[in-house]
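Here are my notes on this one, in the order I went through it. Have the structure open while you read.

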Amino acid sequence: MISGKASRPYPILLNPFDIRECLNLDWIFPLKQPTELELGSGDGAFILHAARTNPHHNFIATERLLGRLKKIDRMASRAQLHNLRAVRHEISYLIRYLIPESSIHRIHVYFPDPWPKKRHARLRLIRPPFTRWVARILEPGGCLFTRTDDPAYAEQIRLVFAGDPEFSPIPTPQMLSDYKTEFENHWNKLGIPTNYAAYQWFPLAYPKG
Ligand SMILES: C[S@@+](CC[C@H](N)C(=O)[O-])C[C@H]1O[C@@H](n2cnc3c(N)ncnc32)[C@H](O)[C@@H]1O
């Protein structure tokens, strides 16, 4: 059960909450509609834009740094975004244990920490068990969108998803690639291009057509 402060009926920043129970999406959002999840939201530029421009979807921002979450909270409150919630938590625990099964329509992972040194590559978020964590929370047909400026991480992402037969590569919709995150603008200005990748998930036993 979530115990967000009761000053608003639906607090944007869900903190603290009980880490032993799954988030109850029906409880945290006023409307039942497709839910999108961003992993590592930073200052929230993408998810605030997405929530503002897609009022018929719900959005969850996740981030470990409280200062960044407070900024998202402030901006979302000011814009009266009823379809955005923010969670302070470590991403892998959150997606393994706290997001309900088959509950997420789309996942966004933009500029995950690259851990560029070879000996640190095992710390990257997108590594072999990641596709299984994501498969648990996506609804059938659900998609994941990623971006990175790091070519080695881009190759790791490609290999990780290629190793899971339940995921198929799909094009990144232009509506998404047209929107640049803060990190993306920063790197692009320095001449470093963005590597985009997107995947759709269907369980192997899913009935075809
Ligand atoms: C490089 S920034 C990218 C931010 C944003 N996605 C963007 O494109 O502007 C990565 C963000 O992920 C957060 N982060 C990294 N690892 C995390 C983890 N394991 N759990 C929660 N947040 C994490 C960091 O605090 C940081 O804000």
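**Notes on the fold and the ligand shell**

1. Among contacts in the protein chain between residues at least 6 apart in sequence, 75% join residues at least 24 apart (contact: C-beta atoms, placed from the backbone, within 7 Å). Bear in mind that this is a predicted model, where local features need pLDDT of at least 70, side-chain atom pairs count only at pLDDT 80 or more, and totals for chains, interfaces and linings use all residues. Numbering runs from 1 along each chain as its sequence is written.

2. The protein chain has eight helices and eight strands (DSSP runs numbered from the N terminus: H or I of at least four residues, E of at least two).

3. The sheet is open, with eight strands in the order S1-S4-S3-S2-S5-S6-S8-S7 and mixed pairing (two strands pair if DSSP finds at least two bridges between them). At its edges sit S1 (13-14) and S7 (167-169), each pairing on one side only. Strands S6 (residues 138-148) and S8 (residues 195-201) run antiparallel, joined by six bridges; Cys143 stands opposite Gln200 in S8.

4. Helix H5 (residues 129-137) packs on the sheet too, touching S5, S6, S7 and S8. Its direction makes about 135 degrees with that of S6 (axes are lines fitted to C-alpha atoms, for helices over the stretch in contact; angles run from 0 to 180 degrees between N-to-C directions).

5. Around the ligand there are 15 residues, of which Gly40, Gly42, Arg64, Tyr110 and Thr181 come nearest (near: C-beta atom, placed from the backbone, within 6 Å).

Note on methods. Contact = placed C-beta atoms within 7 Å.
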